[in-house]
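Good morning, and thank you for coming. I would like to take you through one structure, beginning with a sheet and ending with an interface.

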Amino acid sequence: MQLTRETVQHVAMLCRLALTAEEEQQMLHQLSSILEHVNRLAEVDTSAVSPTASVLDLYNVERPDAAEPSLPVDAVLANAPDRSGNLFRVRAILDEE
Amino acid sequence: MATPLPTLTECRQMLDTGKTSSLELTTQALECIAELDSTIGAFLTIIRDQALAAARAADARLVAGERTPVLGIPMALKDVLITKGITTTAGSKMLMNYVPPFNSTVAERLERAGAVLLGKLNCDEFAMGSSNENSAFKPVHNPWDHTRVPGGSSGGSAAAVAAGEAVFTLGSDTGGSIRQPASFCGVVGMKPTYGRVSRFGLIAFASSLDQVGPLTRTCADAARVMSVIAGGDPRDSTSSSREVPDYVGALKSTHLDGIRVGIPKEFFVSGMEPGVQAAIQDALCELERLGATLHDVSLPYAPYALPAYYIIAPAEASANLARFDGVKYGYRAAEGDAMWDVYAATRGQGFGSEVKRRIMLGTYALSAGYYDAYYLQAQKVRTLIRKDYEDALQTVDVLAAPTAPTTAFRLGEKSGDPVAMYFSDVCTIPLNLAGLPGLVVPCALVDHLPVGLQLMGRAWGEAELLRIGHALEQSSGAIGLPGRQIQRG
């Protein structure tokens, strides 16, 4: 399974990573060599094996639906790159049309 | 020349009998850091004034007769652990100015018990790496040989203890990130059972694998730290509320009669340095001399742990790191008119190359058409690896193996080749996939570089590992600190 430049670009779009042309080229090369190693997994017969969901015997963890104090709004917004009053400010999400 | 800090056990004794004060120890720590850290690079943030204030407060508690395992002890935390009001970067440009409004549970527990926080420790970006060279800020130099890496990703945590700059530190271990640097730097490192220590406030890398644990000079020190940080936490639903045993009390018996030690042949990989192999053999003989019996065991699927890990961990990382979008905290790129462009530019500029590589790999493995072949297959192989451990640990009490195939390698030696770098975690990764506890105990110097024996145990079996590690330490003696090695016959 050989990676292509188009696949690299598609995956970069899926995870919202702006890559330079040079990074794309390097990614193509390095991901291919990692996948070559990882492809050994296909050797293992897992037809009768269930996938691991958790290493713990996990049960649903429940708690009473009670209000607890939360962080002050200003403390939470203090790290925001941009804010407007009590809101996080972002660039346009929707087109105008 | 600043004197390296004593062990936690020694500090405890001196503090509890009034022979020293927390202020003296903390001052000594700050002097060590001032003298050594421009060369070592273990610290990203040093909080001198807060540390001195905390030391004075600890001294008041000591004078009032209060005792805890860590009261008054100067220590430091890996910079993936959130500390309220103290910059927490995860070694990334993405978070270089992030000042958290809350505390991780481990930071809170240590603070409450009176430990003195000196600062935050360098690490590979978002804990992704095996050499600490992926820190966005600076590399860490191994205190035993400054041309070599300290291991990773908790490289700063291991180097700070080895250099005597902190009495103990905390790290995180997703595929070996506590144990491999412990081995490279000649310190004790424990990865607890998945669920033993709360991960609330640990910046997530791969949530089904991550655990927080201590790096210390001795196993007794690790037992003391564990007794403070272990235990359930309502804020981490994967943490276990199972009772925390008396880790320090468990060390009393130093004979190993009747202990069955399994030696998994798959961990003696090809490419292992002969010196490392010999050092591990010697340590195994020492366990036998102490009364343990050695048994050859096999974990046939262990060789598939590395490829399974490099699907599972990046897949989880790609989801966990989706939160870094430049909206609520962290770096935001200046360019881009629409939100999606800002996201992509922010992430492209804010993340370093290894983090981007893993996000890409994980996204690919989870994407339509590849999910079954990669992610699902890896999780099935994980089931087989867990079963291997389960079977082996029914016939023996613990497993003993090398921690890494080599001693500390040179800075730059592997940074251009991701697959070669990943291979340095080949002996530590299987345990994370199984969720079991592991302890690394320094056992020898090979060409002046430390080698650590890795002990692996049953779920919740930390006390047993610490006891065996402690017995080994007592009989073979500590390897000492860099430049102050103890001559061993």
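Let me begin with a term: contact means heavy atoms within 4.5 Å. Helices (H or I, at least four residues) and strands (E, at least two) are DSSP runs, numbered from the N terminus. Axes are lines fitted to C-alpha atoms, for helices over the stretch in contact, and angles run from 0 to 180 degrees between N-to-C directions.

This is a predicted model, in which local features need pLDDT of at least 70 and side-chain atom pairs count only at pLDDT 80 or more, while totals for chains, interfaces and linings use all residues. Residues are numbered from 1 along each chain as its sequence is written, chains are lettered from A and ligands numbered from 1 in the order in which they are written, and side-chain values use heavy atoms, with hydrogens and water left out.

Consider helix α5 of chain B, residues 155–162. This helix lies across β1, β2, β3, β4 and β6 of chain B, and runs at about 155 degrees to β4(B). Those strands belong to an open sheet of 11 strands with mixed pairing, in the order β1-β3-β2-β4-β6-β5-β10-β11-β9-β7-β8 (chain B). Two strands pair if DSSP finds at least two bridges between them. Because β1 (43–46) and β8 (293–297) of chain B each have a single partner strand, they stand at the edges, and one side of each is left without a neighbour in the sheet. From one strand to the next, the twist averages 30 degrees.

In which sense do β9 and β11 of chain B pair? They pair in the antiparallel sense, over 4 bridges, and Ala401(B) stands opposite Gln454(B) in β11(B). Helix α15 of chain B, residues 462–476, packs on the sheet and touches β5, β9, β10 and β11 of chain B. Its direction makes about 15 degrees with that of β10(B).

Two details of the loops deserve attention. Gly152(B) and Ser153(B) are joined by a cis peptide bond, with omega about 10 degrees; Ser153(B) lies in the loop between β3 and α5 of chain B.  Ala90(B), in the loop between β2 and α4 of chain B, has a positive phi, near 55 degrees, although this residue is not glycine.

I turn now to the interface. In chain B, 66 residues are in contact with 51 residues of chain A. The two chains bury about 5,000 Å² between them, 69% of it on carbon and sulfur atoms; buried area is the accessible area (1.4 Å probe) that two parts lose on being put together, summed over both. In chain B, Tyr304(B), Arg332(B) and Met360(B) lose the most area to chain A, together 14% of what that side buries.

How many salt bridges cross this interface? The rule, a side-chain nitrogen of Lys or Arg within 4 Å of a carboxyl oxygen of Asp or Glu, finds 1. The side chains of Lys356(B) and Glu23(A) meet in a salt bridge at 2.5 Å, N to O. Finally, α12(B) gives the most to the side of chain B that touches chain A, with 11 residues.
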